[in-house]
Amino acid sequence: MANSFIPLSLFHSHFPSLPHCTFKFSTTRCNYSSLEVRDVSYQPPGTQLKLLNSVNFSLPEKRSNFRTEWKWKNNSLAGISKPTSGSIHIQKYGDDGNPSQSPEPLVPERVGIVFQFPERYFVADTVLDEVTFGWPRQKGNDQLRENLALGLQRAINWVGLGGISLDTNPQSLSGGYKRRLALAIQLVQIPDLLILDEPLAGLDWKARADVVKLLKHLKKELTVLVVSHDLSEFASLVDQSWRMEMGGNLRQELLPL
């Protein structure tokens with residue numbers, strides 16, 4: 001995907017990690033993919049509360065997108081909750097800018113999520129066990145395990161954890177390095193979409209600057225959707241931004257520089 005970033009106060013959940021994937025984007029808009037959210041509404045079962053109201057937006061691949069204001073805990077884009085109505089899909093385009101094939105649904109396995117304060121969900125005693133938690137253990141998955149091992153090395157390098165022993169207890173890491181570890185977990189299998197919920201929350205100024213620098217690198221590799229109230233520190237990264245208003249209405253809005 002091309003480079004894009006969204007300050008969006010979206011998508012909370014309480015699951016520590018999900019699997020993922022990747023896109024290719026051309027600045028000449030040839031043979032690229034786009035995440036298309038079309039008329040998505042969400043109303044929790046048994047309630048009259050509409051958390052999303054006919055939301056529409058598009059995210060060309062490798063973009064950094066940001067949404068801010070009024071947090072709502074909705075998981076429709078991540079596939080954790082099914083939208084009440086509307087669709088979320090991947091659309092591929094040809095050299096002429098027209099759709100080259102039928103849209104494909106965005107499946108949860110191709111979305112990576114890093115929740116607010118992700119370190120609270122760490123469950124293992126070592127960095128290696130934390131990253132590999134949930135990997136297949138049964139025999140007969142040698143090729144899959146080999147691919148995951150290669151993805152592990154790439155993810156560790158991407159987030160700058162190469163100098164940390166894999167035997168380190170995750171809880172002994174600094175706040176900034178815990179966030180790096182949470183990102184690495186989601187990057188082992190490169191996601192089509194990486195969703196970050198308040199990635200700077202609770203960090204000191206140096207760790208915040210380090211995370212922003214890391215996201216600047218990651219947006220060159222994949223599409224990132226950030227949900228946050230922290231606007232100024234993300235302004236230089238953002239390609240598109242929206243504000244979520246009361247009633248579940250999404251409005252495009254430029255970030256102040």
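Proline 60 is located in strand 3 of this predicted model. Helices (DSSP runs of H or I, at least four residues) and strands (E, at least two) are numbered from the N terminus. Proline 60 counts as buried because its relative accessibility is 11%; buried means under 20% relative accessible area, exposed over 50%, and partly exposed in between, with a 1.4 Å probe and protein chains only. The C-alpha atom of proline 60 is 4.1 Å from that of serine 34, although 26 residues separate the two along the chain.

**Basis of the model**

- Residues are numbered from 1 along each chain as its sequence is written, and side-chain values use heavy atoms, with hydrogens and water left out.
- Local features need pLDDT of at least 70 and side-chain atom pairs count only at pLDDT 80 or more, whereas totals for chains, interfaces and linings use all residues.

- Four strands form an open sheet in the order 3-2-5-6, with antiparallel pairing; two strands pair if DSSP finds at least two bridges between them.
- Strand 3 (52-60) and strand 6 (104-105) are the edge strands, each pairing on one side only.
- Strand 5 (residues 85-93) is joined to strand 6 by 2 bridges in the antiparallel sense, and histidine 89 stands opposite proline 105 of strand 6.

**Serine 41**

- Serine 41 belongs to strand 2 (residues 32-42) and counts as buried because its relative accessibility is 7%.
- A polar atom of the serine 41 side chain lies 2.8 Å from the backbone nitrogen of serine 54.
- Not counting residues up to four places away in sequence, serine 41 touches Leu52, Asn53, Ser54, Pro83, Thr84 and Ser85; contact means heavy atoms within 4.5 Å.

**Nonpolar cores**

- The largest nonpolar core has 38 residues, of which Leu183, Leu187, Leu196 and Phe234 touch the most other members; such a core is a set of buried Ala, Val, Leu, Ile, Met, Phe, Trp, Tyr and Cys residues joined through side-chain atoms within 4.5 Å.
- A second, separate core of 21 residues includes Tyr42, Phe57, Phe115 and Leu250.

**Strands 8 and 9**

- Strand 8 and strand 9 run parallel and are joined by 5 bridges; leucine 193 has threonine 223 in strand 9 as its bridge partner.
- Strand 9 is largely enclosed by the rest of the structure, because 5 of its 5 residues are buried.
- Thr223, Leu225 and Val227 are buried on one side of strand 9, and Val224 and Val226 are buried on the other.

Definitions and conventions
A polar contact is a pair of N or O atoms within 3.5 Å; within protein, one must be able to donate a hydrogen and the other to accept it, and residues adjacent in sequence count only if both atoms are side-chain atoms.
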